[in-house]
Amino acid sequence: MFCAKVKEFLSQNNIAFTDRNVAADEAALNELEKLGYMTTPVTVIDGEVVIGFDAPKLRRLLHIN
C-alpha cells in the first residue's frame, strides 16, 4: 500500500524514479539489506533514506512546496 503511495506521489510531482521489486529482484533485495532495512518502501534521495510514505520528508528532500 505505501509503495503505491510513494509511486503516486512521485508521479504526480513529475519526479523520475526507478521502481525496484525486492520480491522479484534478488539484487534489489541485497541492496535493501545492505542499507540495513527489511521493510518497504525505502526511497533514497541524494543518499538520504525515507522509510515508508513520509510526504513531508519527501517534499523536503525533493524541494517540493
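This tour goes through the structure stop by stop, saying what to select and what is found there.

The structure is a predicted model, in which local features need pLDDT of at least 70 and side-chain atom pairs count only at pLDDT 80 or more, while totals for chains, interfaces and linings use all residues. Residues are numbered from 1 along each chain as its sequence is written, and side-chain values use heavy atoms, with hydrogens and water left out.

**Helix H1**

Begin by selecting helix H1, residues 2-12; helices here are DSSP runs of H or I with at least four residues, strands are runs of E with at least two, and both are numbered from the N terminus. The buried residues of H1 are Val-6, Phe-9 and Leu-10, where buried means under 20% relative accessible area, exposed over 50% and partly exposed in between, for a 1.4 Å probe and protein chains only. They cover an arc of only 95° around the axis, which puts them on the same side of H1; the arc is taken from the directions that run from the helix axis to the C-beta atoms. Show S1 and H3 as well, since the buried residues of H1 pack against them, contact being heavy atoms within 4.5 Å. Just after H1, Asn-14 takes a positive phi of about 55°.

**The aromatic pair**

Next, select Phe-9 and Phe-53, whose rings have their centres 5.9 Å apart and their planes at 65°, so the pair is edge-to-face. Rings of Phe, Tyr and Trp (its six-membered ring) pair if their centres lie within 6.5 Å, and planes under 30 degrees apart count as stacked, over 60 as edge-to-face and the rest as tilted. A search of the whole structure finds 1 aromatic pair. Phe-9 lies in helix H1 and Phe-53 in the loop between S2 and H3, so the pair ties together parts that are 44 residues apart in sequence. Phe-9 counts as buried at 6% relative accessibility, whereas Phe-53 is partly exposed at 30%.

**Helix H3**

Move on to helix H3, residues 55-62, in which Ala-55, Leu-58, Leu-61 and Leu-62 are buried. They cover an arc of only 135° around the axis, which puts them on the same side of H3. Turn to the other side of H3 to find Pro-56 and Arg-60, which are exposed. What covers the buried residues of H3 includes helix H1, strand S1 (42-45) and strand S2 (48-51). In the segment after H3, select His-63, which has a positive phi near 60° although the residue is other than glycine, and which counts as exposed at 71% relative accessibility.

Now select Thr-43 in strand S1, a buried residue with a relative accessible area of 12%. Leaving out residues up to four places away in sequence, Thr-43 touches Val-6, Glu-48, Val-49, Val-50 and Leu-58. In the loop between H2 and S1, look for Pro-41, where the peptide bond from Thr-40 to Pro-41 is cis, with omega near 0°. In the loop between S1 and S2, select Asp-46, which is exposed, with a relative accessible area of 78%, and has a positive phi near 50°.
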